[in-house]
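Try each task before you read its solution.

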Amino acid sequence: MSLSAIVGCSTVKESYTARTGIEQLLISSATDKALDKIDFRPVAQAKVFVETKYLDCTDKNYIIVALHQHLLKQGCMLVDKAEDSQVIVEIASGSVGTDGSSVYLGSPDIPLPPPSPIMLPKVPLFSRSRSIGTAKLVVVAYDTNTKLAVINSGYSMARADHRTLNVMGGGNYNSGSVHEDIARNTGDLESFANIPTSFASKSSNSNR
C-alpha cells in the first residue's frame, strides 16, 4: 500500500488566473454593498457627468460601471462632457482591497532522510481561513453651474467575506457573504450548514 493511501491529505486548487474568482468577488461584492448605502435620489432625472479622475484602485472599471448602474436606475442621463451636464458626480476610493487570516493544525510536510526524494505530505487535522474584501468609497455630487452640493453624505464603507473550514481532511466547507451570493445565483448549495453544529458554532464564535 502506498504512503498516499495511508496518510490523509487535503488540498485547495490554486487559481489559474492572476487573481482567484473569490478574491475578485470579495472586492466587487464589497463595492456593491458600499454603493447600495448611498442615496442617489437627489440626482434623479438629471443629466450627469461622472468624474473618475480621483478613483485609483483595484477593479476601477467595475466600480465605475456599478456607479453608472445606480445613476441609471434613478433615470439619469449620462453625458460625456461636464459642460453638457446639470450635475457632476465625483467618486474616490479610500480603500478597495482584500486581506485575510488562516489557522492550521496538523503535521507539516516531512522529508524522508537522504538520499530519498520522497516527502511525507502534511496531515491537516483542522484548518480555517477567512478572506475579507473591503471597499470605502466617497461619492459627491454638485450642481454644474452653482457648485452647490446635491449629494454629500460622507464616505460609505462595506465588507464581504468568504470562510473555509476543513476538519480531518473531510473537505472544504464554505460560508460567508460571498459564498451565500454564489449559492443564491448559481445553485451551488454547499454551505456551512453541512458541518456538524459543534464545529460551526466554534468557528463562528472565534471570528467575532
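**Exercise 1.** Is Asp59 buried, partly exposed or exposed?

*Solution.* Before starting, note that this is a predicted model, in which local features need pLDDT of at least 70, side-chain atom pairs count only at pLDDT 80 or more, and totals for chains, interfaces and linings use all residues. Residues are numbered from 1 along each chain as its sequence is written, and side-chain values use heavy atoms, with hydrogens and water left out.

Step 1: recall the classes. Buried means under 20% relative accessible area, exposed means over 50%, and partly exposed lies in between (1.4 Å probe, protein chains only).

Step 2: apply them. Asp59 has a relative accessible area of 24%, so this residue is partly exposed.

Step 3: Asp59 is in the loop between E1 and helix H3 (60-73); helices (H or I, at least four residues) and strands (E, at least two) are DSSP runs, numbered from the N terminus.

**Exercise 2.** Which residue forms a salt bridge with Asp59?

Step 1: find the partner. Arg19 pairs with Asp59, and their closest N and O atoms are 2.6 Å apart.

Step 2: look at what is joined. Asp59 lies in the loop between E1 and H3 and Arg19 in the loop between helix H1 (3-6) and H2, so the pair ties together parts that are 40 residues apart in sequence. Arg19 is partly exposed, at 21% relative accessible area.

**Exercise 3.** Which residues are linked with Arg130 in a network of salt bridges?

*Solution.* Step 1: the network links Arg130, Asp161 and Arg163.

Step 1: take one of its pairs. Between Arg130 and Asp161, the closest N and O atoms are 3.6 Å apart. Arg130 lies in strand E6 (residues 123-143) and Asp161 in strand E7 (residues 149-167), so this bridge ties together parts 31 residues apart in sequence.

Step 2: check the surroundings. Asp161 counts as buried at 11% relative accessibility, whereas Arg130 is partly exposed at 21%.

**Exercise 4.** Over the ring of which residue does the charged end of Lys136 sit?

*Solution.* Step 1: the test asks for NZ of Lys or CZ of Arg within 6 Å of the ring centre and within 35 degrees of the ring normal.

Step 1: the ring is that of Tyr155, and the charged end of Lys136 is 4.3 Å from its centre.

Definitions and conventions. A salt bridge is a side-chain nitrogen of Lys or Arg within 4 Å of a carboxyl oxygen of Asp or Glu.
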